[in-house]
Amino acid sequence: MSPVLAQASGGIRWSWIGDNLDDIWEATVEHLWLTGIAMVVGFAIAMVLSVLAIRYRRLYGPITATTGVIFTIPSFALFFVLAPFTGLTVLTAEIGLVLYTLLVLVRNTVAGLDGVPEDVKEAARGMGYTRNRLFLEIELPLALPVIIAGLRIATVTTVGLVTITALITFGGLGRFILDGLQQNLFVPKLVVGAVGPTVLALVLDGALLLVQRALTPWSRRAAA
Amino acid sequence: MVAPGGRLMDAIVETFRWLTDAASWTGPRGVLARSLEHLWISLVPLASAMAVAIPAGVLAGHHRRGQAVGAAISNLGRAVPSLALLVFGLLLSVRVLGLGFSFWPIVFTLFFLALQPLFTNSYTAVREADPALLEAARGQGLSERDVLLAVELPVASPVILTAVRITAVQVVATAPLGALAAGGGLGRFIIDGFGQKDDGQMLGGVVLVAVFALLVEFAITRLERRVVPGPLQGRTDAAAVVATGRAN
């Protein structure tokens, strides 16, 4: 576990990157899977919690307080805490990743749904919309920019946290960071492990922005 | 197979035993010494980042310039994983500056980590000061310098201080990462406990880090009440958190 601390000498073997594109690609795909699963599960749980928080106002405080406390736990500590119970498995990684998405997703979803103007809802009710139809066809679309803003923040965070799951095996591109640390600061691996996820996060962030613009053409200026 | 309930009890008992053992607390590797290290490796980068990022953000906000640069810093700052920041901190300290392991890598890491939320929130806080307020101040003949110091800064102070608090908690909670680069602080217990399969020590370390973060939060909240002008108190949190949102 502890990195070898001797200082390496000599030039940097950048050719390592070109020689190992297959491995890097494989790790990138794993990184995307770990991120994707966490986002889908986290979003599903967050939607349930948000709807509960809106129907039953009393729950909002406790929900955000709990998810807020989770947010302040250092992630690698959380993965280590879970490890004795769920082992060094994908499950451990995903439980941690999902928990970290919840705060941002719930807060933004509730804020988005709250922001739907009362007179719009009133008009819809007057037109005979049922509660469910009102939610699906009026409230959800109008809240979408703020919800997607939350998804963007959560996605960027998750891509970063996946690197840390390398400590409990897996970790996508983060694995290269730990390898690089253990091999006398082998720079090419460290750079791939550090720059790769950053690029991934920026690309996914941009992609979600495009999705949001496509889905809500009426609002070019979303709350970030 | 042991029942999960039994495991949980074991873990709690072991953690409690480690935390209440006097030997865990004393000596150069004890909790007291490690807490002081933790404070030091958090305070140095936080103070330096505040000295750089807050004036930069305030000035950029006052001149309403650098919106694109500010947005880029904010996006990029959030996108770089904390483990990647540790890599940059390590390479900068060991390879570029020759300052070695243990202290400087984590200090550089936490410095980089703190820049983005401090800059973004200072910038936003100043820029979003009520235009009517600024017009009134200028109409009364205040110089630009006075507008900045006597109007914009006090109005922005709640958001800036909230950003300082949130950033401080982030820094304190990320500092344990330094243990991966042979650093000191409370992270040692977590990493060493994990490495030695000593659950009591590892979980004890997690508890200590959490308590440390809560104490920092509490202390700065107290400070906020003293520094922020009365009528402006308790008006921010959500906005600053949204602009910062990042787990470590």
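**Exercise 1.** In this predicted model, which handedness, left-handed or right-handed, does the crossing of H7(A) and H9(A) have? Work out also how the two helices are oriented and which residues join them.

*Solution.* Begin with the geometry: helix H7 (residues 131-164) of chain A packs against helix H9 (residues 187-215) of chain A at an angle of about 165 degrees, and their axes lie 9 Å apart. Because angles over 145 degrees count as roughly antiparallel, H7(A) is roughly antiparallel to H9(A). The crossing itself is right-handed. Turning to the residues in contact, H7(A) contributes, among others, A:Leu144, A:Ile148, A:Leu151 and A:Val159, while those of H9(A) include A:Pro197, A:Leu200, A:Leu204 and A:Leu208. Sorted by class, the residues of this contact comprise 14 nonpolar, five polar and two charged.

**Exercise 2.** Describe how H7(B) and H8(B) pack.

*Solution.* Helix H7 (residues 131-139) and helix H8 (residues 144-174), both of chain B, meet at an angle of about 160 degrees with axes 10 Å apart, which means that H7(B) is roughly antiparallel to H8(B). The crossing is right-handed. The contact is formed by B:Leu133, B:Leu134, B:Ala137 and B:Arg138 from H7(B), together with B:Val147, B:Val151 and B:Val155 from H8(B); six of these residues are nonpolar, none is polar and one is charged.

**Exercise 3.** Which element of chain B has the lowest mean pLDDT?

*Solution.* Chain B averages a pLDDT of 82, with 90% of the residues scoring at least 70. Among its elements, helix H11 (residues 238-244) has the lowest mean, 46, whereas helix H3 (residues 31-62) has the highest, 92. Over residues 237-245 of chain B the pLDDT is below 50, although this stretch has 17 contacts in the model beyond near neighbours in sequence. Where pLDDT is low, predicted coordinates should not be read in detail.

Key:
Residues are numbered from 1 along each chain as its sequence is written. Chains are lettered from A and ligands numbered from 1 in the order in which they are written. This is a predicted model: local features need pLDDT of at least 70, side-chain atom pairs count only at pLDDT 80 or more; totals for chains, interfaces and linings use all residues. Axes are lines fitted to C-alpha atoms, for helices over the stretch in contact, and angles run from 0 to 180 degrees between N-to-C directions. Helices (H or I, at least four residues) and strands (E, at least two) are DSSP runs, numbered from the N terminus. Angles under 35 degrees count as roughly parallel, over 145 as roughly antiparallel, 65 to 115 as roughly perpendicular and the rest as oblique. A crossing is left-handed if the near helix is turned anticlockwise from the far one by less than a right angle, and right-handed if clockwise. Two residues are in contact if their C-beta atoms, placed from the backbone, lie within 7 Å. Ala, Val, Leu, Ile, Met, Phe, Trp, Tyr, Cys and Pro count as nonpolar, Asp, Glu, Lys and Arg as charged, and the others, Gly among them, as polar. pLDDT is the predictor's confidence in each residue, from 0 to 100.
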